[in-house]
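My entries follow in the order in which I looked.

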Amino acid sequence: MGVHPQGRPDDESAGGTGELADDRFVGEADLARWKTPAGKWLASRAQRLSERLGPYGALILILAAGAVVASLLAFATGWVYEAVTEADGVAALDHPVLEAAKSLRSPALDAAATAYTDLGGGIGMPILAVITTAVLVLRRRSWTPAILIVTAAAGSLLMTIAGKQLIGRARPPLSDAVPPYEYSPSFPSGHSLNSFVIAGIVAYVIVLRCRSRRARVWTVTAAALFALTIGLSRVFLGHHWLTDVLAAWTLGAAWLVLVITAHRLYLTARKTEKLSHSRGRVHPSA
């Protein structure tokens with residue numbers, strides 16, 4: 001068995017108990033501790049899955065189940081959204097906000113916003129996600145960051161596709177938009193949803209290793225500002241209505257909660273596995 005430069009055995013630093021020691025606590029909060037009855041019930045079910053499939057297998061299965069829930073959430077959100085917009089409820093915000101955005105435009109600002117919004121698009125966001133994932137996997141010698149980021153991204157893409165096909169809402173008129181123009185359905189804003197989810201899950205993975213409160217605050221703030229400004233850039237450029245962006249943020253937040261909960265259940269399974277080993281028992285998946 002090799003030894004990690006920090007003094008831990010290689011198998012521990014590459015996930016396992018080493019990952020548990022590094023990722024389990026955020027400040028004083030123990031992510032593997034569940035206080036509510038619902039949380040304890042989830043933890044017990046996750047442990048049973050882990051005994052059969054191993055911790056990674058349980059994590060992947062739980063995330064897959066979460067993706068199904070996220071798809072249903074996208075359907076429900078789309079249904080409510082359609083009812084509200086037909087009644088001219090929240091959608092009454094859309095036209096005044098678009099008019100305000102148009103009044104702020106200038107050639108230089110339009111070009112800067114277009115270049116920036118491309119970071120959250122179908123090319124920029126995947127490149128950023130792949131680079132970040134590769135760095136985190138190599139530095140941490142663990143596949144967990146890859147599993148979390150890839151699954152989070154896949155789920156947000158699934159919700160984007162489902163929402164667009166379900167609602168089919170038209171974008172703002174091309175006369176009110178800044179080129180290059182986009183023609184896919186407007187709801188939800190894919191740039192807003194995907195940037196929110198990917199920035200959020202990357203921030204979460206980084207926060208797990210931040211040992212100071214200041215570092216955690218700066219990490220979360222940077223991710224929030226990125227997601228916020230990408231969403232606002234979509235409205236500024238006239239590529240989406242404000243409500244498309246608000247709905248995307250809502251879906252993204254719900255999906256992030258599911259992914260983070262799945263990771264907490266994974267840490268809980270790792271914790272139980274470690275306790276079993278310390279008592280001299282062999283784990284069923286060993």
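I took helices as DSSP runs of H or I with at least four residues, numbered from the N terminus. This is a predicted model, in which local features need pLDDT of at least 70 and side-chain atom pairs count only at pLDDT 80 or more, while totals for chains, interfaces and linings use all residues. Residues are numbered from 1 along each chain as its sequence is written, and side-chain values use heavy atoms, with hydrogens and water left out.

Helix 5 (residues 107–117) and helix 9 (residues 213–236) pack at an angle of about 125°, their axes 9 Å apart, and that makes helix 5 oblique to helix 9. The axes are lines fitted to C-alpha atoms over the stretch in contact, with angles from 0 to 180 degrees between N-to-C directions; under 35 degrees counts as roughly parallel, over 145 as roughly antiparallel, 65 to 115 as roughly perpendicular and the rest as oblique. For contact (heavy atoms within 4.5 Å), I noted that helix 5 uses Leu 109, Asp 110, Ala 113, Tyr 116 and Thr 117, which meet residues of helix 9 including Phe 226, Ile 230 and Arg 234. By class, this contact has 7 nonpolar, 3 polar and 2 charged residues; Ala, Val, Leu, Ile, Met, Phe, Trp, Tyr, Cys and Pro count as nonpolar, Asp, Glu, Lys and Arg as charged, and the others, Gly among them, as polar.

**Helix 8 and helix 9.** I then turned to the partner on helix 8, where the axes of helix 8 and helix 9 come within 9 Å and cross at roughly 175°, and the two helices are therefore roughly antiparallel. Among the residues that meet here are Phe 196, Ala 199 and Ile 206 in helix 8 and Val 220, Phe 226 and Ile 230 in helix 9. I recorded 10 nonpolar, 5 polar and 2 charged residues for this contact.

**Helix 6 and helix 7.** The axes of helix 6 and helix 7 come within 8 Å and cross at roughly 160°, so this pair is roughly antiparallel. Helix 6 passes helix 7 in a right-handed crossing, with Thr 133, Leu 136, Val 137 and Arg 140 of helix 6 in contact with Pro 145, Ala 146 and Ile 149 of helix 7. In the loop between these helices I found Arg 141, whose phi is near 55°, a positive value in a residue other than glycine.

Which peptide bonds are cis here? The bond from Pro 179 to Pro 180 is cis, with omega near 5°, and another cis bond joins Phe 187 and Pro 188, with omega about -15°.

**Largest pocket.** I noted a volume of about 350 Å³ for the largest pocket. Of its 23 lining residues, the closest to its centre are Gly 121, Gly 122, Pro 126, Leu 157 and Asn 194. A pocket is an open set of points on a 1 Å grid over the protein atoms alone, where a 1.4 Å probe fits, with protein on both sides within 12 Å along at least five of seven lines, and lining residues have an atom within 4 Å of a point. Helix 7 gives the most to the lining, with 7 residues.

How values were computed: Grid points are joined across faces, edges and corners, and a volume is the space filled by probe spheres set on the points. A crossing is left-handed if the near helix is turned anticlockwise from the far one by less than a right angle, and right-handed if clockwise.
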